[in-house]
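My notebook is open and I have a few things to look up in this one. Here is the structure, followed by my entries in the order I made them.

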Amino acid sequence: MKTSNPVLARLGQAAERERSAGYAPAGPYGQPGIPQQYPSQAGYPAAPPTVAPMTVDDVVVKTVALLGILGITAAAAWVLVPDALVGTAWIGAALVGLVLGLIISFSRMANPALVIAYAVVEGVFVGMVSKAFETAYDGIVLQAAAASFGIFFLMAMLYKAKVIRATPAFVKGMIAVITGLFAVMLINFVLAMFGVNTGLRDGSPLAIGFSLVCIVVASLSFVLSFKEIEDGVRMGLPQRYSWVAAFGILVSLVWLYIEILRLLSYFQGDD
């Protein structure tokens, strides 16, 4: 299976490796596949490895678990980190999360420990960002969280109803746009550390437009994840890869939440 989602790009390759190792994918209706038989040294067929296939329910459970970990960590960071260290913790968590995210995205193995560690680090990041914005604009965190989950469920319904489909052209276009936005945001972050204002995050019309673009792209990125999960279940990927699928959804949710938080802050009056 060819895959284009940068977060779930290894799922197809994983299926190939599992099949090479003797794992049989699930049948067309989700029933377990018939495993291949391998001769043992005694001349009798050896029992193949037993691997439970990934299901949509597995991905849902893992996603909820990661969101729970992120939420608990965010709340703990909000309460425990002193106000004087919010900026330092914010930047540190963002950098560590970036490194962990890249490792998970481009590694060939589904490592639950890494995915959980990413959720913890992102919890610190989200907690610090939320605390800073909530201190400046009362009630903005709840609004951003409600909007983020609302958009997520809306995209899930649109995908299920086949209103939006991940066609090859759609996938290629999304990957190009996401890559471009990531590069722009990374460059802007580095320049901001040196005191250079590009106008992308200062509340100007350019900043509002940039946040709107990011929100639209982050919302559409759920379609890529839904497609990869659908294909992974169809091909009978091992259950542990549900962690990778859940990670992909978590990345999009955090990105969407931060962008909505920024956009809402632009329309808040000075206190």
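**Handedness first.** I call a crossing left-handed if the near helix is turned anticlockwise from the far one by less than a right angle, and right-handed if clockwise. By that rule, α2 and α4 make a right-handed crossing.

**Ground rules.** I am working with a predicted model, in which local features need pLDDT of at least 70, side-chain atom pairs count only at pLDDT 80 or more, and totals for chains, interfaces and linings use all residues. I number residues from 1 along each chain as its sequence is written, and my side-chain values use heavy atoms, with hydrogens and water left out.

**Overview.** I find eight helices and two strands in the protein. Helices (H or I, at least four residues) and strands (E, at least two) are DSSP runs, numbered from the N terminus. Read from that end, the order is α-β-β-α-α-α-α-α-α-α. Of the 271 residues, 42% are buried; buried means under 20% relative accessible area, exposed over 50%, and partly exposed in between, with a 1.4 Å probe and protein chains only. I also looked at contacts (heavy atoms within 4.5 Å). Among those between residues at least 6 apart in sequence, 81% join residues at least 24 apart.

**α2 against α4.** Back to that pair: helix α2 covers residues 56–80 and helix α4 covers residues 112–136, and their axes come within 7 Å and cross at roughly 45 degrees. α2 is therefore oblique to α4. My axes are lines fitted to C-alpha atoms, for helices over the stretch in contact, and angles run from 0 to 180 degrees between N-to-C directions. Under 35 degrees I write roughly parallel, over 145 roughly antiparallel, 65 to 115 roughly perpendicular, and oblique for the rest. The contact of α2 with α4 has 13 nonpolar, four polar and three charged residues. For these classes, Ala, Val, Leu, Ile, Met, Phe, Trp, Tyr, Cys and Pro are nonpolar, Asp, Glu, Lys and Arg are charged, and the others, Gly among them, are polar.

**α3 against α4.** The axes of α3 and α4 come within 8 Å and cross at roughly 150 degrees, so α3 is roughly antiparallel to α4. This crossing of α3 and α4 is left-handed. I sorted the residues of their contact into 20 nonpolar, two polar and two charged.

**K131.** Leaving out residues up to four places away in sequence, K131 touches W78, V81, D83 and V86.

**V81.** I followed that list to V81, in the loop between α2 and α3. V81 is buried too, at 17% relative accessibility. With the residues up to four places away set aside, V81 touches A76, V86, A89, M128 and K131.

**K162.** Last stop: K162 sits in the loop between α5 (140–160) and α6 (168–193). At 59% relative accessibility, K162 is exposed. Its phi is near 65 degrees, a positive value in a residue other than glycine.
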